Amino acid sequence: MPDSLMPFCAAPHQFLLDTALKADPRFRMGDETFLVLSDPAAVHAVLNGKFDDFEKGAMVEIPRTFLHDGIIMVEVPEWTDQQKMIAPQFAGRRMRQLEPVIADLVTRQIDTWAALPAGEPVDLLAATNRLVFDIVATGMLSITDPAVADAVFETLVELDSTESVRLHYLLKRFGGGQGGFGRSSYAQAIERMQRLAAAIADERLARATQPDDFVGGVMATAAFAAFTPERKRAFLTDQISTMLTAGYVTTGETLFWGLYLLAKHPAQQQRARAEIAANTTAMSGAVPFDAPPFLMAAFNESQRLYPAVWFLGRVARRDVRVGDIDIAAGTRVMCSPYVLHRTPTLWPDSDQYRPERFLPGASHPVAPRSLIPFGTGMRACVGRGLALMEISAVACMTLSRFELELVSDAPIELTGAFSMHPRDTVMVRLKPLA
Ligand code: HEM
């Protein structure tokens, strides 16, 4: 197998998609072998596979540098223990607690946009990212000091804007054996993020009483009480980093892509708006937390085309057979939502924006298990419910107040970052509706 470092780094998303469609969908970078799956049954078999067969392992080398032993990174049995402490913090009562926080922050964002001079364009992704960051920082972590929030946000923006997937594999090959991200500015941002998360953890550990939020909920568990002081600090630091990272860029980008595609397709935008207007909750001024069907279809379609988490997979811990595929121990098995969502045999007109394909009565019903923006199986996204609430609130409120118009219709180029965002800033005009 020839080494694919250069073609992979040149255009990682397209490279994975092209590889998946080959008779032998494997490739090699250095001494690592990758297998790219595009069959929903195989993808689900791996992501729902036994923990003895597949682990996150080396597939998460990049986020491990700053999420350390947070819940996204760890393997069983540690994951099982963490999940018991963390999953309840995403249950119904906690989500209802977040509703007023989301409503307040979304309303403030809408007011900010409404106060802009007529025709002034906005950097939509910067705005959606900051909005969902503030929801996590305020609602889940009770960060009240604006200087702390700004410092964390700026550091996260620096991490996200680095082409970390490209950088990681290039440094592995040409980094002079330093390992990791060496002394790059990315490595410095990781260290800064670590210090900031530790300071937030310290501040919480020093409090006599805890706010009733995500951190307070975790700290109230018997398992946390049994930790040593050092373990408490490390545990909180890693989970705070995890929530700030996993909870913001994914949702911010998903909101961006959903609104961007509606701005690009005025007829679908108008259909979504008309549906929201017919929804009495939205019209009465309350913030809606359940997206109506067409809006949901539009966001399913934007998540299909631009899934925030595209670099997803597992490492085979031993030789495994999945369907008729033999997977050798050590293989990095790519279960990329980007690949699955753009496989032409699963999706007619796979590159076209067609929200209608997700509505009842569509001419080509969506193939079962072919849409996985939140992953699947035991390790699927624990924050999905929160993300859907945020998507509904932001999209309904934005569309019912503004007409969205792209400043430029130029095609979008994707970066080689760990999450899915455009290389260049996308400016959008939000024109107040009469
Ligand atoms: C649209 C928004 C989101 C998307 C597309 C998304 C996507 C994903 C995906 C694909 C996974 C599975 C990773 C794997 O299998 O290796 C995952 C896991 C996870 N997500 Fe999300 N996510 C979103 C929002 C959130 C939010 C809002 C939070 C929390 C505030 C969150 C926290 C997590 C955590 C903690 C995990 C690890 C779960 C575990 O291993 O048990 N996510 N997410």
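**Ground rules.** I worked from a predicted model, in which local features need pLDDT of at least 70 and side-chain atom pairs count only at pLDDT 80 or more, while totals for chains, interfaces and linings use all residues. Residues are numbered from 1 along each chain as its sequence is written, and side-chain values use heavy atoms, with hydrogens and water left out.

**Ligand shell.** I looked up which residues surround the ligand and found 26, the closest being Lys56, Trp79, Arg314, Arg379 and Cys381; a residue counts as near when one of its heavy atoms lies within 4 Å. By class the shell holds 16 nonpolar, 7 polar and 3 charged residues, where Ala, Val, Leu, Ile, Met, Phe, Trp, Tyr, Cys and Pro count as nonpolar, Asp, Glu, Lys and Arg as charged, and the others, Gly among them, as polar.

I then checked side-chain N or O atoms against ligand oxygen atoms, and noted 3.0 Å for lysine 56, 2.8 Å for tryptophan 79 and 2.8 Å for arginine 314. Helices H13 (229-246), H14 (249-264) and H19 (384-401) are the elements that give two or more residues to the shell, helices being DSSP runs (H or I) of at least four residues, and strands (E) of at least two, numbered from the N terminus.

**Helix H14.** Of its 16 residues, 14 are buried, meaning under 20% relative accessible area, whereas exposed is over 50% and partly exposed lies in between (1.4 Å probe, protein chains only).

**Salt bridges.** My search of the whole structure gave 29 salt bridges, each a side-chain nitrogen of Lys or Arg within 4 Å of a carboxyl oxygen of Asp or Glu. Arginine 423 pairs with glutamate 163 at 2.8 Å, N to O, and this pair links loops 260 residues apart, one between strands E9 (402-406) and E10 (427-432), the other between helices H8 (146-161) and H9 (164-174).

I also noted arginine 204 with aspartate 213 at 2.7 Å, where arginine 204 is buried at 0% and aspartate 213 is buried at 2%. Elsewhere, salt bridges that share partners join Glu32, Glu61, Lys172 and Arg332 into one network.

Terms used
Polar contact = N/O pair within 3.5 Å; in protein donor to acceptor, adjacent residues only side chain to side chain.
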